[in-house]
Amino acid sequence: MVETVKPIPSTWCPGCGDFGVLAAVKKAALELAIPSHELVLVGGIGCSGGIHNFLDMNGIHALHGRLLAQAVGVKLGNPKLTVIAAGGDGDGYAIGMGHFIHAFKKNASFLYIVMNNETYGLTKGQASPTSQLGYEGNVENPFDAILTALSIPAPNFVARTFSGDPKQMTQILVESLKFNRENRGFAFVEALSPCVTYNDTYKEWRAKVQDISKLSGYDATDRAKTFQLCLDTIAQGRIPIGVMHRPREVSAEAASLELKLLPDRTGPAVADIDLTSNRATYERLLHALA
Amino acid sequence: MTTPAVSSTSTISAGTARQAPASFQELSDLSVMIGGQGGDGTLTVSDLLGRYFRRRGLYVYSSRNVLSRIRGGHADASVRASKLPVAAEKATVNLLLAFDHEAIDIGRAELDADGLILYDSSSFQSDAPDAIGFPFATLVGGQVGQPIYKNTAAYGAISIILGLDPILTSAVIEDRFQRRGAEALEKNLKALEIGRRLALDRPELVGRWSVADGDAHDRILITGNHAVALGFVVGGGRFFAGYPITPATEVMEYLMRYLPALHGVARQAEDELAAINMIIGASYAGARVMTSTSGPGLSLMTEGIGHAGAAEIPIVVADCQRVGPSTGEPTRHEQSDLSHLANLGHGEFPRLILAPGTIEDCFQLTGQALNLAEKWRLPVILLLDQALCQNAVTAAPFDLSAARIDRGDRLTAEDLQKMTRYGYYQYSAQGFSPYAPPGTPGGIAQVTGNEHDEMGHVSVNPVNRAKMMEKRMGKMVEVVPELPSPSLYAMEGARTGIIGYGSTWGPIREAQEILRHQDLPTTFYQARTLFPVPTPSLGPFLDSVDVAFIVEHNYTGQFARLVREHLPEHHRKLRSIVKYDGMSFRAPEIARRVQES
């Protein structure tokens, strides 16, 4: 058998929240029995974005903030691949914010995991878009990706999980990947993933997380209700986690970008480009110019 | 002045126009300019005339001069028709059609000594002594109901003045408007008749000229943008992402229309950062990809192009140059991105810059760019310019049987089974590595813009770093024999060289003829590869001449600077002929500047 690249041992600090995500990705891929050559992980820039190096699957390391655009390209290039984009809060919510909003709107079927630690860990602890007021002198209001995601009216899957709850995280990743593999659309999962070195929030977050599905009135198909539950939870000083939005059911019409563009899932990467077999079509295009 | 002056050829009467050779003048190279406010339909008139002349076997070159706005502001279009191949605007205009005062003011400067001004007198009167006014909009508004068809009426009047064949004149209208439905077609035909009548009632105008027939039959009339788009499709291009930007947008629009039927995808992205990264993703997935953009978009794509160079992901970027920097002049012509592209990005990585000069080049070099990118695993820039991208020119239908597809060392699952080891960055003699798109059983790989070892593991090992730099940069040397060769146009005994690229091909070819008539034979090197600087062919070319003029549309002589840097032994021979006013060269200007030096 041909020898190919092997995963390397992780370079993260011991105790890093990202280990929880790494374990959950492995478990979810195993549970769904996805062949590793059909899996592509698009990594961002930052500690978390290196996750592709530690997994036995295809990896492509994107530019800072551009992983979503590359993931859309991979998925549209070959819709039969299972694509996971993974990066941090700086990568996704600062430099990559433009692409972040558009990923929901595009609704291509891939999973985007943001490992949110509320800091720029790799550059040694600067304030990030999600940093609390006062962190490293931060005077800007923290950004909430879940509230933003809920405000975009597209049939996406939206969830927040916590590295301190590996069982729930695995469940949510399995559900997201199933959603993707049924070509239903974009799945966004924010993983609260503490940076033990520059912003160790394990204890604080463990005390504050509130599984939103346990609250009365919870309905993941109802954006407005979930939005209100999130606001109420935040007002109580808690952090809402769980599945935040789950489209009602599989619609008869294609909802995902790749199915709208490539109904038979035969993408540009495997399209027939043979000159002989396409000759008649090319002749027609040429004569359309006459 | 309400009564237009009678032209000097007024002795021709309507009945005898075609039998009055005394003042009958046959044009074998003519130019019609149509000017007005944006929305007046100037482009429609030039399109109709272009279609007519093409069907008479003439070579056509149609250009436009519009402002960056949807309506209003001066806009003009020119159509040139010639028995000989042309790919540039004619120096003077034979017939000027004006829908407003400004069009007369602007067009008059370019009018031939024997030229004629025709204008729509519905809303203004020109006091130009030689201008002929017809109330196109008023009459069309009254009889057809909508004054917007005034442009078709004007086309009708022109058809009489130029002695065009009436049957073909209407057939062209049918061609153009059939798609819009029966009502639109009928109204246009009515308007055509109104315009024809107006001119026929003026005996001195009937058959003022006639237009020679040509023998260039079965030609297509096509813009560079459409030729690039078609070259992309035929070259196996199946994924495109772009962002609307003048003058590149037509590439995207064409591909959005035609790619879906071929399992292809063309997407409008949220910005150029997304567009370049989407094509990087799709290329990595195994598709042949391209984006098209212009200056401001190119600036944003710079980080992505560098990434593709470092991560060895093949991409093609078509840069339809316009006036820069910043927003510059979106609709105007310039060739000022070369210095940026040759040095583009932080760090060092290989990139190729190809420069189509003719419409055939646009088609052919796009296919070649895809082959080079995919085989050599690097970014390839197609350097275009506004005139080449947007002006339409007649061409022989492209030779589809000459197209070739080279996917380089692309591996299948069976190939992988026979190998002992597969890494995305494996060393090879020529610098490019075999690759298996994700999804290929047995072909798992890691791809990254971090420095990496052969297997794609991140590495800062100094020995590895040096080897990887040499692997990537070595491609720039190894690829040279496969790069597009220049087109050479040598006249006997020439010791004067002209060097150009892009749309300057057309005016330079004509300037060569002008200079030949002035007893100055020249030899023209049309560079089709700009970077790496084509020293293997350019060196011998410079050896063969005493002086060489490098013609380009920028202030600093960007290609001249590259040539000086790479062929320093010839620097005394090099002269720059530059133009940076936003307008493209016309042949007499190049000829004059060669003579003056």
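With 13 C-beta neighbours inside 10 Å, R265(A) counts as partly exposed, a class lying between buried (20 or more other C-beta atoms within 10 Å of the residue's own) and exposed (12 or fewer), with C-beta atoms placed from the backbone. The model is predicted: local features need pLDDT of at least 70 and side-chain atom pairs count only at pLDDT 80 or more, while totals for chains, interfaces and linings use all residues. Residues are numbered from 1 along each chain as its sequence is written, and chains are lettered from A and ligands numbered from 1 in the order in which they are written.

R265(A) is not a glycine, yet its phi is positive, at about 60 degrees. It is found in the loop between helix 9 (257-261) and helix 10 (279-288) of chain A; helices (H or I, at least four residues) and strands (E, at least two) are DSSP runs, numbered from the N terminus. N107(A), in the loop between helix 4 (97-106) and strand 4 (111-116) of chain A, also has a positive phi, near 60 degrees. N107(A) counts as buried, because it has 23 C-beta neighbours inside 10 Å.

P247(B) belongs to the loop between strand 10 (237-242) and helix 8 (249-258) of chain B. The peptide bond from F531(B) to P532(B) is likewise cis, with omega near 0 degrees, and P532(B) lies in the loop between strand 21 (529-531) and helix 17 (535-543) of chain B.
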